[in-house]
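Here is a short report on one model.

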Amino acid sequence: TLTMMGGFSSAGKSTWFITLLMALLNYDRKVLIISNEEKVKKFKVKFMIWLLAKHNRYFKLTKKKMMSGQIDDASRRELKDVQQLWREQYKGRVKFLLINDADMTVVKKKIREHVLRYGYDTVLYDTFKIQEGDFKGNRTDLSLVHDSRELDKLAKKYNIIMLASVQLAEYMRGRLFLDSSVLSNSKQNLFLMRTVYDEELDEKSKFYCRPFRLKKVNDKWIEEEYHPDRTAVWRALFVEKCRSGSNSSDTGVGYLLKFDGDHCIFREVAQARFKHGEIK
């Protein structure tokens, strides 16, 4: 089944894909990444930075420094270590393809080829959007719906994991509680992410998101209030149309993620009851 990941930030989407990729590789999946936006060099940089931070616990080399070539001797030694880790554990299980346009015909052809000829069982597609030829019509949203269903059928036909990112429209920015209405007619599993505003972390604000963690006491789960660092960068994650669990719209609960863009890391820190409304 196709799972879609929607967000406002392109940097956040690609970093989330790195997190998903590493989780999938740890379950011995063979992953094909198709991108119509990011080049392979940027993807490899994020991959190496993630390994440095999560595997080696090394945080001195950031994504920005690596892209600009500001790599000292200590960082080079750490990089050699994770490059060896790549060769031993991941080489041959990840392939990156860059395509020029969001042409669904090309995307489906590449997926079929790599599933049937090379045994790939997982596809990450970044970014799911309208191809140039569809702008001539009046209902571009219907093109997205049609293409998403094509990918969903392909995933079911070949019994593969299919994940696609989509950038949410700017007019939605400021909306606090994200649900499936932001991607009209979407029938797939859906995760939605946005930046957390400072007002949502202020206990005196009407927009306070009431973060909490679950704690087991006497064989019962209780909610323990959590106080996030307001100087950190946070993302709100909403789970929508999850066929095997509860949706955020049903429970009123989303997830509070700490975002470290310099090292391509998300950390699930707490849950929260985000308000319905808008911040402009």
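## Salt bridges

Glu223 and Arg273 join their side chains in a salt bridge, 2.8 Å from N to O. A salt bridge here is a side-chain nitrogen of Lys or Arg within 4 Å of a carboxyl oxygen of Asp or Glu. This pair links distant parts of the chain: Glu223 sits in strand β8 (residues 220-225) and Arg273 in the segment after β11, 50 residues apart. Strands (E, at least two residues) and helices (H or I, at least four) are DSSP runs, numbered from the N terminus.

The model is predicted: local features need pLDDT of at least 70, side-chain atom pairs count only at pLDDT 80 or more, and totals for chains, interfaces and linings use all residues. Residues are numbered from 1 along each chain as its sequence is written, and side-chain values use heavy atoms, with hydrogens and water left out.

Glu223 counts as partly exposed, at 43% relative accessibility. Arg273 is partly exposed too, with a relative accessible area of 24%. The class runs between buried (under 20% relative accessible area) and exposed (over 50%), using a 1.4 Å probe and protein chains only.

The structure holds twelve salt bridges. Three of them are tabulated here.

| Pair | Closest N and O atoms |
|---|---|
| Arg194 and Glu200 | 2.7 Å |
| Lys215 and Glu224 | 3.4 Å |

Arg194 and Glu200 are both buried. Lys215 is partly exposed at 41% relative accessible area, and Glu224 is partly exposed at 37%.

## Positive phi

Two residues other than glycine deserve a look. Arg210 has a positive phi, near 50 degrees. Arg210 lies in the loop between β6 (189-195) and β7 (212-217). Its relative accessibility is 44%, so Arg210 counts as partly exposed.

Cys264 has a positive phi of about 60 degrees. Cys264 is found in the loop between β10 (254-260) and β11 (265-272). Cys264 is buried, at 0% relative accessible area.

## The cavity

A search of the whole structure finds one cavity of 30 Å³ or more. A cavity is a set of points on a 1 Å grid over the protein atoms alone where a 1.4 Å probe fits but cannot get out; lining residues have an atom within 4 Å of a point. The largest cavity has a volume of about 60 Å³. Volume means the space filled by probe spheres set on the points, which are joined across faces, edges and corners.

Ser14, Phe17, Ile33, Ser35, Glu38, Phe43, Phe96 and Asp126 line the largest cavity. Both α1 (10-25) and β2 (31-35) supply at least two residues of that lining.

Terms used: 1 Å grid on protein atoms, 1.4 Å probe; cavity = no way out; pocket = protein on both sides within 12 Å on 5 of 7 lines; lining within 4 Å.
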